[in-house]
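Take a moment to look over the sequence and the fold shown here.

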Amino acid sequence: MPYRAPVSDFQFLLDHVVGFDEVAGTELFAEATPDMTNAILTEAAKMCEDILAPLNHIGDKHPAHLENGVVRTPPGFADGYRAIADGGWIGMSARAENGGLGLPMTLTTTVNEMMSSACLALQLNPLMSQGQIEALEHHASDAIKSVYLPKLISGEWCGTMNLTEPQAGSDVGALRTKAEPNGDGSFAITGQKIYISWADNDFTDNVCHLVLARLPDGKPGTKGISLFMVPKIIPDADGNLGQPNDLRVVSLEHKMGLHGSPTAVMEYSGATGWLVGPEHGGMAAMFTMMNNARLGVGTQGIGVAERALQHALAYAQDRKQGRAEGTGAIIEHADVRRMLTTMRADIYAARAISLMNAVAIDMATATHDDTWTARAAFLTPITKAFGTDIGVEATNTGVQIHGGMGFIEETGAAQFVRDVRVSTIYEGTNGIQAMDLVARKLMDGGDAAFRLLDDIVRGAEAAKATHPDLANAVWEAAETLRETTEWLVNQQDLNDRFAGAVPYLRAFARVLGGHAHLASAVAGDAGHLRLATFYIKRMLPEHAALLAHTREGAADLAAITAEDLVAA
């Protein structure tokens, strides 16, 4: 079925829920007026609906493949990519001095979600470039910036990140790729990288790889890692392309989903690269790209969930089965209505959280206020994990709504499940996101978390005058979450935090979702109120069980043996 971008949802959240007016009120983003915002949402929606959405099924049925060492992409992907690049969508938030539009990350996040709904396999390409652009803006030398940024922003070239190796997945510090000085300021990069998204294509002039490698004097572990720009084709100082570099795509992975997106094994055989950031400072530079990608990946999960909801809703309104009131379609059955409403309420909550995250990033950029920086950092793992979890859950529910037809590939429901499944794994598994939340993100004694909870409580207090039942439920949930956050902060053994990290992250997302739904009920129409009532009364109560799990610590979990896990 056709995809329709949820422009009205984005507009409402920006206007009434996530505080985008604060972003537009800064000097840096003063051009993000309501008229400009509406124009961006409208034009991006047209591109996604008319050009990108038809490519989704094509990419699934005609996978990217390797032909005589050259990656061939699915039919139509080159035209789709050109529409993205020519529309300026890649460099939306890139700095104007480098050729970008300098727009808020919040607006980029809305467009990225629409593109993810339309064709996730293709959207992965510009997402990687956006992360690389931000990393170069913050960490690269002026010489590298002048050559690479204009080409990446225009879409003439595209970017990747190369972290993972066969023996070094989440443990990045175990990497073996070497970087040897060439004596002229460049380095010879040698090693193998795996799981490299969009490592090559047949529609850009160059592919720019950011590669983690270790210098000869690099210490073991992450503190000895450096970051290098290693292009497929070596450019001169003016950006003119010269000789091919000594790197190659060895093979493409045969994946569960995302068939249109080539995921490669890369071999570097003394390839020429240039240092990005200081020697042995590669992880800091790469984390700039990874944090950009984590917001983007959370948004990908939400985008695919939205597409699955639209697909399931259309089926439920058309399919006649059993004795149903009203239209006679299965949407009239209580359980089908429950599944559809759960999808809708969760997607709305996750979308609001991703936009809150983006607003915090924009405010940190515009004001250089450490409070905003801390909020953005705190919300990033929640956005990534909750957004992608909802992607998996909603797409699975979409299959369930289709019944037996959901298990048949021709209906299209299964592709959404297959495509989005990896999003909970890449850019740091969701378990790692949760561990980061309860460890590094609570190193401030919980200050960032408590400030966020204070905002939720203030919102609930203000809503009590008009929506007392809903407001009291959100207020009580926030206070329970505060108590558990205090408990976590006081745990000195990190394993006691890690054992309950995933349920804690989920509970925090649940409460943030309640906050967003409550604000929508206050500012919106009867439809917003009905959706908020469903979420707050039926879904928000999950937070209590999740927080009970969190507070159990690690002792009982550690006591379970491998033998206990084997059936007698």
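T177 sits in the loop between β3 (157-162) and β4 (178-181). Helices (H or I, at least four residues) and strands (E, at least two) are DSSP runs, numbered from the N terminus. This is a predicted model, in which local features need pLDDT of at least 70 and side-chain atom pairs count only at pLDDT 80 or more, while totals for chains, interfaces and linings use all residues. Residues are numbered from 1 along each chain as its sequence is written, and side-chain values use heavy atoms, with hydrogens and water left out.

Is T177 buried or exposed? T177 is buried, with a relative accessible area of 0%; buried means under 20% relative accessible area, exposed over 50%, and partly exposed in between (1.4 Å probe, protein chains only). The side chain of T177 makes a polar contact with the side chain of E165 at 2.5 Å. A polar contact is a pair of N or O atoms within 3.5 Å; within protein, one must be able to donate a hydrogen and the other to accept it, and residues adjacent in sequence count only if both atoms are side-chain atoms. Leaving out residues up to four places away in sequence, T177 touches a list of residues that includes E165, I189, T190, V211 and R214, where contact means heavy atoms within 4.5 Å.

Now move to helix α8, where you will find R307. R307 is buried, with a relative accessible area of 10%. S117 is 190 residues from R307 along the chain, yet their C-alpha atoms are separated by 5.3 Å. The side chain of R307 also reaches the backbone oxygen of A118 at 2.9 Å. Beyond its neighbours within four places in sequence, R307 is in contact with residues including M1, Y3, N56 and F416.

The largest share, 5 residues, comes from α8. A pocket here is found on a 1 Å grid over the protein atoms alone, as an open set of points where a 1.4 Å probe fits, with protein on both sides within 12 Å along at least five of seven lines; lining residues have an atom within 4 Å of a point. This pocket is lined by 43 residues, of which T164, I425, Y426, E427 and G428 lie nearest its centre.

Next, look at the start of the chain. Helix α1 (residues 7-16) is mostly covered, with 7 of its 10 residues buried. Those buried residues pack against α2 (20-24), α3 (34-52), α6, α9, α16 (501-523) and α17 (526-539).

How does the span of helix α9 (residues 334-367) agree with 1.5 Å a residue? Its 34 residues should span 50 Å, and the end C-alpha atoms are 49 Å apart, which agrees; the expected span is 1.5 Å times one less than the number of residues. Just after α9, H368 takes a positive phi of about 60°.

Our last stop is H543, in helix α18 (residues 542-550). H543 is buried, with a relative accessible area of 9%, and its side chain reaches the backbone oxygen of L540 at 2.8 Å.
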